[in-house]
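Hi there,

Here is the structure I promised to pass on to you. Have a look at it first, then read my notes below.

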Amino acid sequence: MNNIIISLIRDSFSSATPILLSALGGTFTFYANVFNISMEGMMLIGAFFGVLGSYLFENWVMGLLFALMSGILASLIFSFFALLLKTDEFLTGIGMNMLALGGTTYLLRNLFNVKGAFISPQIKSLPTWNIPGLNKIPILSDILNNHPFIVYVAIILAFLIDFIIFHTKFGLRLRATGEDQETSRSLGINPNRIKFSSILLSGIFSAAAGTFLSLGYVTLFSENMSNGRGWISLAIIVLVRGRPLGILLMSLIFGFFESAAFSLQNINIPSQITAMVPYIVTIIALFIYSVNKEKILKLKKEENEKIKEI
Amino acid sequence: MKSLNKILTGIIGIVFSLLVGALLIKIQGNSPIIAYKALYDYGLGSWFSITSTLNNSTPLILTGIAAAIAFSSNVNNLGQPGQLIIGALSAALLGYYLPFPGWIGITTIIILSGIIGGFYASIAGVFKKLYKMDEMLTTLMLNFIADYLTIYLATYPFLDKKSYVPATKMIKKEFFLPSFKNLNSSFFIAILIALISYFIVKYLKKGYEWRMMGYNPDFSRIGGCDNEQNLMWVMFYTGFLSGLAGALLILGGTQHRFIKGIGANYGWDGIMLSIVGANGIFETSFFSLFFGFLKAGGVGMEFEVSIPSEFIMVLQATIVLLVVSTRSLVSFYGDKMKAYFKTRKVVKAHE
Amino acid sequence: APKKVAYVINGSLGDQSFYDSGYEGIKKLEKDYDVETKLMECNFDPSLYYPNLMTAARWADVVFVISYGFEEELKSIAEMFPNKIFVNIDTVVEDDKKIISNVDFIEEEGSFMAGVVAGIVTTMTELPGINPEKLIGAVGGDDDIVIRSFVYGYDQGAKYVDPEIQVKTIYVGTWDDPVKGKQAALQLYSQGVDVIFQIASLTGAGVIQAAQEVGKYAIGVDSNQNSLAPGHVITSMLKEVGKSIEFVFKQIIDGTYKPGTLYKLGLKEEAVGLAIDEYTYQILPNETVEKILGIQKDVIEGKITVKEYRE
Amino acid sequence: MSYIEMKNIYKVYPPDVIALEEVNFSLQKGEIHSLIGENGAGKSTLMKILYGLVHSSSGQIYINGNEVKINSPSDAINFGIGMVHQEFMLIPSFKVYENVILGMERTKKFGVINKEEAINELEELTKRYGFDLDLNAVTSDLSVAARQKVEILKLLYRKVDILIFDEPTAVLTPQETEQLFTEIKSMKEMGKTIIFISHKLDEVLEISDRITIMRSGRIVSSIENKNLTKSNLAKMMVGKEVILSVTKKPIEPGQIILKTENLTVDFKQSKHKFLQDINIYVRAGEIVGLAGIEGNGQLELVEAIIGDTQTLKGKIYIDKNDISNKSITERRSLISYIPSDRKKFGLALNASLAENLTMTHHLGNNLSKFRYFINWKKAKFFSSNLLKQYNIVARGINDLPKHLSGGNQQKVILAREFSLDAPFLLLDQPTRGLDVGSIEYVHDVILKMRDKGKAILLISADLDELLSLSDRIYVIRNGTIVAELNPNVHNKEEVGEYMLGGKE
Ligand SMILES: Nc1ncnc2c1ncn2[C@@H]1O[C@H](COP(=O)(O)OP(=O)(O)OP(=O)(O)O)[C@@H](O)[C@H]1O
Ligand SMILES: Nc1ncnc2c1ncn2[C@@H]1O[C@H](COP(=O)(O)OP(=O)(O)OP(=O)(O)O)[C@@H](O)[C@H]1O
Ligand SMILES: [Mg+2]
Ligand SMILES: [Mg+2]
């Protein structure tokens, strides 16, 4: 029984990581007010090129490098349409996702001559890490140790990005541009450059998320392997209004319920019903958030008025 | 005039994107001429092709208009996919269990399925109204939930035991919408609904209020429109349209029952088309026809020229992106050019 | 003699199982009989079923079709072309005019054998990674009739070895998410399962990687997946769609083909079965493999009857 | 030699709006230079070009005789030019200091903002110029005057030499305006050069060294501020004589139309109240002014009357109907409303004029025979009549409000609201940001409505306007009515004292 729970919690981290990473990237675009729904496609692109690089050089570093380059390329395409040609951002996102799905499948068939999935011993996966000192603590070690290193990096990044967004020059300009781009412009900030940086970061992070899928958790590429995770990260970003630490928390909760859903099948709940659980949880989270926000807003306004009075 | 303009710039975009597409086809090692001939033959070349195009566009017209009305009212309803399959499942079950005869039954099924789709959309509306929950997020989540819910129902309680995939029993034969030489009558229903929708948005006070809410919700509220109520109506009506699209798939399609995957991408394509059509009802319908053509013609390119289906997907994405970007470019740089020439004229007059 | 052969499938190639296997058969026809072939994939989009099949039927002399989900369309189109040959694979479509022939695989026999293997292995505690619990698992793509019939046969096979063996099943709910496949498998392994039969197409690739990671065992499906994780994939349950296509086409050429035939193919016809190769022997001692083959022989000879799921 | 010289400037906004035509503008070092002109004359555009925010279509800019290219605001800032915009350029969610340093952040390693250093520097600046500002306050909580101080602080922090103020006083009370002028003068003393845009001719005459007058995209004249009077300035601006004083018919009040009883607005969980026991009335045929420093409850009172607030106690009657619990929709048949923020509440900038003019009218049955429909033929006929009747300069009923000048936008709102034929008119800052010509027009229309027997509640920050239009004046402070005054008896200074609380 213990085993089952440990495995469940351990799995929450694995389920959470790709969502966390791409949401952390997406939060830059969220703050820059770029309506970016292309995380799904960029993740898929990253997953593919990660496998390609790792396969060609039999080396995970090259895999990661390929993935990040492909993420950059994808964000260049997105920026080309959305920023330069002023195409609707939502539509650009839909187009990117279609290009990603069709394009990776197409390349899969042309480069590896397979359809569906590509598996090969030549694909080298990302190394796993152990947190020093943790091996001595039995249960924690089982849960936290021996994940692909991206898992740890992603968690650290959540804190780092929170700091970047709220305490650095880039973060200040990012938030300013997102909230009111004319104001940014009036202060000599080029809003397009800020938006471009945010799209670039989103591309890189989503590609890294894809690499976690194809070189971290499993070691293979399969068509459409992002399978809706980009949409979930979009939902989480909107849900927590971009807060990186909120994203971390929600990703873990979502990851937990995703793996817990399988366990519910043990008590004879049909799989279709258990599969709904994470989405219902998201709605419930949104509900709790919205109800609280209303309250907080009211209190805050009163607070301010009181201060004014004194 | 304005919508003609949108379509004309759209056509420039289509031509341009087909040229780029030709280049892609060439690079992939096929002859663009043969490929485009197949596209034409299967999408427009014969009566059968034309009717395939029209049949393909039927659900797209409805989901496209649903998205267009929602977006132009500032309501972010991304729930068309979910509302569509809920409508489809309802139609399949009604079509099997409903004891009414012929046309009465058909009408009942269509309207009821639409209403059920509308209610499904209204869930997000109620959440928004009561708790200010972001409707984009809730509709997105409700899509996933609708997906699994319908499959559950088609796998367990309403499974057709003879089927090999999750599917309900086939509806009664008398509820099949008739085809005229391969053109299914559901197409005419979609056109009728498009006209009604145009009428609602244009001539109904409610429709006017929806549009104003889309332009500036503060303005419409202060102007005396009940935004909260209008939000509910928009949610309901657009859900109704999507549910209707689902019902027509069941009554007018080829399956005549709910089957896993029947919603395909109609919901998402509709959302995309509303953007391509700049939220206009006529424009969106026009591009729905074009997309139906691409789909019908895609079969030809795949079959005749052996262009793989994933490549066709890439081609479609390229076309959509280029159509819209060409249009925004034409208007943006067109205006700049006008300003440039005007300046020259004014400067000259002063010299 | 027929010159044009079309292959229409409801899904798309790349499942590394029966669509692909069928396509191999089609490609062989091209070589062996000098016919022209074309492929139509519907990518699980029901709106493509009718136009694709129609397009194929208008062009071809012989249509091989995997018609999950469009049996009715097949019937109505076949009636429009009574002189053409329609061979439906993997499901059974009966039309009144007896135009369509069907190839029905008795998957229960194949998965029965997979169950036998899993049942034997879970009791062999001397193998690395095998615990004393009599627990085996299956990971299915969707919870549907076909997959349930696989599990049904699998369960019979395991119970035949030892009635105390329990089967735990997780339906992942998607066919193309190996990440979720691996998660499901890891959960089953953590619950004490030591052999998992994957019946989940691309999702199943994750199951095999999970077996490799935790040092447990998996059984592949549809095509021979033994080499994917040497030492961890004991065997694979094969479904020889390609061979069955060749088999039927040969009859067409011979003139022995009759429209409206039902070909029921099982272990005996070698249409389903186990892939036993060096990877298997790497894991199991010879006498165990002998024992398994013995049981297989009993099934073929009818000494053991495997119940079919839908009867 | 002039400090700044803008030569032969042309600006055509895409596709074909001519905003500036052959403009030659020069600025001397150390002067306070005012720029005046009607709405849409091109003042903001000219200054935005100098600030690099808009690119001229043709023309040159010289600084100290050298030609320069100003491609972006950062170029302008480097040349020592800064601008306080007509619509504030502040990020509402930012703290004050964040807004000030944005675009010119001091950083430590890795781009981390050096908050301490910034705060120290800003504290010194605020001290030097005598600003009373909490640097850590959230900007959206600040009053308008405080926001303007933040804008000025932004420029001082950037150490600019030339400060452009685009209509800074439009939103200020007289006291705040006085304070701003003191600040401007002290900046001049420190050697800064100031460009000042305003529609208030008194102010312009009070503060400027030099005045440049613009009309429809051109400079009409640029003269030293000597022996000038309001009326000859106005004449140069508009091109014809402008009547600057209001002539009113004697008041003939009818029955009470608006009446509030102990109107109180508060929040559920708090004892604090925004409005406390407001008891006012407005009779038919009279204009009642509401004076008060912004933020003393005017906003809440307006919201309470129009119905855009949820927590409300007490009663509101209009024409003897108790509307306290009625929705906005129901109230709108009784109230015509000119909102102070016309772009947010008064117009849909991207919808056609016809659609804008139809709003609220569509609730009644004048535009269609059938209850649920709009007859657009009628609506368009109605709209084009209004355009004619109110002399709105537009290309027709299909033109968009965003293409109109501020004055004409305001006329659209007036036309719509005054044609509603409601017994009560709620006017919140109806002339804010308008030029003298437009103001004259608006005053005229308001008085006509009074003479037609409408009950009018007028809220204005402009005490001159309030005193000249109103028949009675209420003064609001801290959410309560502190005085009811007679404009014929009390003067501006007295009203001001009540507003500030000097007199009870
Ligand atoms: N972004 C723009 N696009 C198109 N036209 C514009 C734009 N900005 C201003 N205009 C037009 O240019 C002209 C000059 O406008 P500008 O804002 O400079 O006038 P202004 O003198 O500042 O008026 P106000 O006193 O109302 O502020 C007007 O006709 C206006 O409608
Ligand atoms: N038609 C318009 N409607 C609204 N705003 C406009 C319009 N035309 C220009 N603007 C705004 O005016 C500002 C400057 O526009 P302008 O056309 O002068 O820039 P530009 O010369 O094209 O700049 P760049 O060379 O960087 O593209 C921008 O903020 C732009 O958004
Ligand atoms: Mg065991
Ligand atoms: Mg201006």
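**What I found**

Asp194(C) counts as buried, because its relative accessibility is 0% (buried means under 20% relative accessible area, exposed over 50%, partly exposed in between, with a 1.4 Å probe and protein chains only). Before I get to what Asp194(C) does here, two notes on reading the model. This is a predicted model, in which local features need pLDDT of at least 70 and side-chain atom pairs count only at pLDDT 80 or more, while totals for chains, interfaces and linings use all residues. Residues are numbered from 1 along each chain as its sequence is written, chains are lettered from A and ligands numbered from 1 in the order in which they are written, and side-chain values use heavy atoms, with hydrogens and water left out.

**The magnesium ion in chain C**

Asp194(C) is one of the residues that coordinate the magnesium ion (ligand 3). Which atoms hold this ion? They are Thr122(C) (OG1), Asn131(C) (O), Asn131(C) (OD1), Glu133(C) (O) and Asp194(C) (OD), at 2.0 to 2.7 Å. Donors are N, O and S atoms within 2.8 Å of the metal (3.2 Å for Na, K and Ca), and water is not among the atoms, so sites may look incomplete. Along the sequence, the donor residues follow the spacing T-x8-N-x1-E-x60-D.

How confident is the predictor in chain C? Its mean pLDDT is 92, and 100% of its residues reach 70 or more (pLDDT is the predictor's confidence in each residue, from 0 to 100). Confidence in chain C is lowest in helix H2 (residues 46–59), with a mean of 90, and highest in strand S8 (residues 195–199), at 96.

Now over to chain D. Ligand 1 is surrounded by 15 residues, and the closest are Gly40(D), Gly42(D), Lys43(D), Ser44(D) and Thr45(D) (near means that a heavy atom of the residue lies within 4 Å). H1(D) gives the most to this shell, with three residues. By class, the shell divides into four nonpolar, eight polar and three charged residues. (Ala, Val, Leu, Ile, Met, Phe, Trp, Tyr, Cys and Pro count as nonpolar, Asp, Glu, Lys and Arg as charged, and the others, Gly among them, as polar.)

Ser44(D) counts as buried at 17% relative accessibility, while Gln86(D) is partly exposed at 37%.

**Ligand 2**

Why is this site shared between chains? Because residues from chains A, B and D surround ligand 2. Among them are Glu182(A), Arg185(A), Lys336(B) and Lys11(D). A polar side-chain atom of Lys11(D) lies 2.8 Å from an oxygen atom of ligand 2, and a nitrogen atom of the ligand is 2.9 Å from a polar backbone atom of Pro14(D). The protein covers 46% of the 620 Å² that ligand 2 has as accessible area on its own.

Most residues other than glycine have a negative phi, and most peptide bonds are trans. Pro14(D) and Pro15(D) are joined by a cis peptide bond, with omega about -5°. Glu58(A) has a positive phi, near 50°, and is partly exposed, with a relative accessible area of 42%. Asn478(D) also has a phi near 50°, and this residue is exposed at 62%.

Happy browsing!

Methods
Helices (H or I, at least four residues) and strands (E, at least two) are DSSP runs, numbered from the N terminus. A polar contact is a pair of N or O atoms within 3.5 Å; within protein, one must be able to donate a hydrogen and the other to accept it, and residues adjacent in sequence count only if both atoms are side-chain atoms. Accessible areas come from the Shrake-Rupley method with a 1.4 Å probe; for residues, only the protein chains shown count as cover.
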